[in-house]
Amino acid sequence: MQEGLADTHRYDPKYIPYVQPRRGTLVGDAVYFTVRLGNAIVEYDLGKDRLNMIDPPPAARDVCYISLMAMDDSSLGFACIKGSSLCTWSRKVDTAEAAEWVQYRVIELEKTIPVANPDDKRFVVGFAEGAGVIFVSSGVGLFTIKLNSGQVKKVDESEVSFSVLPYMSFYTPDRGRLLSLARTQ
């Protein structure tokens with residue numbers, strides 16, 4: 001965060017930094033969340049019991065809707081929409097613990113994810129861990145984008161979503177026992 005920023009905006013509530021109410025992500029032994037002011041990223045390393053602040057990619061400091069994600073190479077990923085493009089970055093860490101954001105992919109959304117009217121915006125609203133799928137919402141609906149192929153699919157109707165928490169599977173512990181009880185009766 002910029003030095004003196006807290007003093008400049010001390011009494012203006014929209015500038016008070018707080019952990020954003022959106023899904024964080026787990027990469028290796030670290031948990032990541034974002035802070036509202038400038039999309040700073042809070043890293044808590046569980047193994048080292050250490051808290052750290054990470055700057056987002058420079059091009060993404062002024063974007064409202066972002067998603068943190070675990071990339072296929074076990075690095076921290078960051079996604080947002082700039083203009084009409086979905087931009088993703090991966091955080092590369094070398095052995096000396098210096099790190100940099102490397103742009104991973106840019107996917108043009110103008111022709112693939114429609115908007116209801118020219119004033120509507122597209123928002124990144126979630127990420128499916130392990131599936132490499134980003135969720136994007138517009139006034140037309142909720143869409144998924146596969147990062148590896150850029151394939152787009154509409155998954156919900158025209159209600160604007162602001163946060164998506166997908167689940168891949170669930171477990172019902174009594175299911176096997178209930179089926180065997182039903183067969184014996």
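Phenylalanine 78 and tryptophan 89 are both buried (under 20% relative accessible area, with exposed over 50% and partly exposed in between, for a 1.4 Å probe and protein chains only). This is a predicted model, in which local features need pLDDT of at least 70, side-chain atom pairs count only at pLDDT 80 or more, and totals for chains, interfaces and linings use all residues. Residues are numbered from 1 along each chain as its sequence is written, and side-chain values use heavy atoms, with hydrogens and water left out.

**Aromatic pairs**

- The whole structure holds three aromatic pairs (rings of Phe, Tyr and Trp, the last by its six-membered ring, with centres within 6.5 Å; planes under 30 degrees apart count as stacked, over 60 as edge-to-face and the rest as tilted).
- Phenylalanine 78 pairs edge-to-face with tryptophan 89, at 5.9 Å centre to centre and 65° between the planes.
- Because phenylalanine 78 is in strand S6 and tryptophan 89 in strand S7, this pair ties together parts that are 11 residues apart in sequence (strands are DSSP runs of E, at least two residues, numbered from the N terminus).
- Phenylalanine 78 also forms an edge-to-face pair with tryptophan 101, at 5.9 Å centre to centre and 70° between the planes.
- Tryptophan 101 lies in strand S8 (residues 99–108) and phenylalanine 78 in strand S6, so the pair ties together parts that are 23 residues apart in sequence.
- Phenylalanine 78 counts as buried because its relative accessibility is 0%; tryptophan 101 counts as buried at 16%.
- Ring pairs link Phe78, Trp89 and Trp101 into a cluster.

**Nonpolar cores**

- The largest nonpolar core has 16 residues, of which Tyr32, Ile41, Leu76, Phe78, Cys80, Trp89 and Trp101 touch the most other members (a core is a set of buried Ala, Val, Leu, Ile, Met, Phe, Trp, Tyr and Cys residues joined through side-chain atoms within 4.5 Å).
- At least two residues of this core come from each of strands S2 (30–34), S5 (66–70), S6 (76–82) and S7 (85–93).
- A second, separate core of 15 residues includes Leu86, Val124, Phe127 and Ile134.
- Not counting residues up to four places away in sequence, tyrosine 32 touches residues including Ile41, Ile54, Leu68 and Leu76 (contact means heavy atoms within 4.5 Å).

**Aspartate 45**

- Aspartate 45 is found in strand S3 (residues 41–45).
- Not counting residues up to four places away in sequence, aspartate 45 touches Asp29, Ala30 and Arg50.
- The side chain of aspartate 45 reaches the backbone nitrogen of lysine 48 at 3.0 Å.

Terms used. Helices (H or I, at least four residues) and strands (E, at least two) are DSSP runs, numbered from the N terminus. A polar contact is a pair of N or O atoms within 3.5 Å; within protein, one must be able to donate a hydrogen and the other to accept it, and residues adjacent in sequence count only if both atoms are side-chain atoms.
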